[in-house]
Amino acid sequence: MERQSWLSQLLYTGAAVGGAACAAVAARNLQRVLRARSRIKVLLAASAGTDARVVITGATGGIGQELAEQLLRNPSVHLLLGCRDHLKAQRLFQSSERTKVHRLDLLDPDSVQAFADEAHLFLAGGESGLRMLVNNAGVMRPPVSQSKGDSTWQTNFLGPFLLTELLARLRQKQQPSPVRVVHVSSRLEKRSQLDHHLLDAVTRGEVGENPYADSKRGLMLWTGIPRTSVRAQSLAFKGGLFCHAASPGIVDSDLGRHVVPAWLWPFTKPLRMLLMRSPAEGALAVVGGALTPQATSCFGRYWDGEAQVEDLVIERMGNKQLALSLVKWATKATALEQRADGYDR
């Protein structure tokens with residue numbers, strides 16, 4: 001009896017200590033969330049203008065949803081959301097009259113082109129104000145049931161590539177106001193072994209051991225190094241798109257939910273709150289630099305919030321040939337020129 005009482009007391013004490021620790025972690029996390037949201041509010045107030053229009057891909061969870069919700073707190077902001085699960089997005093944002101939802105499947109080039117057309121009309125409309133595209137949608141390790149060959153490369157690189165390039169072609173016919181473009185990358189791209197040999201394998205459908213890091217490295221190379229070519233510079237000087245990359249850091253989102261068994265994922269929440277950034281902090285890291293004035297006076301910057309991590313144009317110049325080969329492959333894989341030809345007729 002005495003032994004049972006001692007064990008009960010031990011379990012009770014352990015539960016109390018564990019509960020207090022979790023409460024402290026949650027309180028600290030809430031403070032970080034509030035600081036990040038407050039900073040987004042300040043930056044947006046300084047840049048929104050009369051009629052701010054922002055396009056976000058992937059907004060049904062994590063960083064994308066948090067970013068959309070925080071941007072809508074400013075009354076001058078209108079959003080166009082491109083989501084594969086557009087019905088879920090409609091439910092999430094049904095109370096907002098300033099939000100349009102359009103279906104976007106980055107695995108389907110026709111869907112990407114249709115969304116590019118919609119994004120062009122959306123950004124061209126309205127009064128003067130902020131114009132921004134956030135290529136946020138991405139996958140890390142999709143479950144086998146959702147995998148379609150090179151779905152990681154399609155979602156993380158080829159889809160954003162086609163969307164951005166088509167949007168630039170559409171805007172070349174006008175005297176466009178500048179659009180700040182943010183490609184959401186990852187610090188994990190440093191683990192990539194992408195080179196000409198691996199790129200050749202990717203073009204054959206052999207995605208390698210780390211397609212997430214490789215596809216994010218590809219995104220970075222396209223963002224920075226190709227700006228040395230006349231064609232790529234036209235994104236900024238003809239299409240009015242000032243393209244940058246941003247790292248959200250390691251964020252507590254559903255992106256990594258397939259890394260651990262499904263039953264275990266909910267139980268990792270306290271640890272994730274302690275070790276990872278919140279979606280609010282991730283959202284600030286993604287758009288912090290793009291909401292500053294210098295975002296439309298340069299291109300090819302790599303940001304973590306308002307802090308510049310790299311000037312991709314200069315610091316990755318040694319990868320120029322690989323970047324140009326990457327763009328050549330992406331242009332062919334997405335049938336970019338054939339699709340863009342239709343805009344010139």
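Buried means under 20% relative accessible area, exposed over 50%, and partly exposed in between, with a 1.4 Å probe and protein chains only. By that cut-off Thr-223, at 0% relative accessibility, counts as buried. This is a predicted model, in which local features need pLDDT of at least 70, side-chain atom pairs count only at pLDDT 80 or more, and totals for chains, interfaces and linings use all residues. Residues are numbered from 1 along each chain as its sequence is written, and side-chain values use heavy atoms, with hydrogens and water left out.

**Whole chain**
- The protein chain has 13 helices and 8 strands; these are DSSP runs numbered from the N terminus (helices H or I, at least four residues; strands E, at least two).
- Of its 345 residues, 52% count as buried.
- Among contacts (heavy atoms within 4.5 Å) with a separation of 6 or more, 77% are between residues 24 or more positions apart.
- The accessible surface is about 16600 Å², with 55% belonging to carbon and sulfur atoms; areas come from the Shrake-Rupley method with a 1.4 Å probe, and for residues only the protein chains shown count as cover.

**Thr-223**
- Thr-223 sits in helix 7 (residues 211-224).
- A polar atom of the Thr-223 side chain lies 2.6 Å from the backbone oxygen of Leu-219.
- Leaving aside residues up to four places away in sequence, Thr-223 touches His-183, Cys-243, His-244, Ala-245, Gly-300 and Leu-312.

**Cysteines**
- Cys-243, one of the residues that Thr-223 touches, is buried at a relative accessible area of 1%.
- Cys-83 also counts as buried, at 2% relative accessibility.
- A disulfide is a covalent bond between the sulfur atoms of two cysteines.
- With a disulfide taken as a pair of cysteine sulfur atoms within 2.5 Å, the count comes to 0.

**Helix 5**
- Helix 5 (residues 151-171) has 21 residues and spans 28 Å from its first C-alpha to its last, close to the expected 30 Å, which is 1.5 Å times one less than the number of residues.
- Helix 5 bends by about 35° at Leu-158, and Pro-160 follows within four residues; the bend is the angle between axes fitted to the seven residues ending there and the seven starting there.
- Because 21 of its 21 residues are buried, helix 5 is largely enclosed by the rest of the structure.

**Ala-335**
- Ala-335 lies in the loop between helix 12 (320-333) and helix 13 (336-341).
- Ala-335 has a positive phi of about 55° although it is not a glycine.
- Most residues other than glycine have a negative phi.
- At 23% relative accessibility, Ala-335 counts as partly exposed.

Terms used: Polar contact = N/O pair within 3.5 Å; in protein donor to acceptor, adjacent residues only side chain to side chain.
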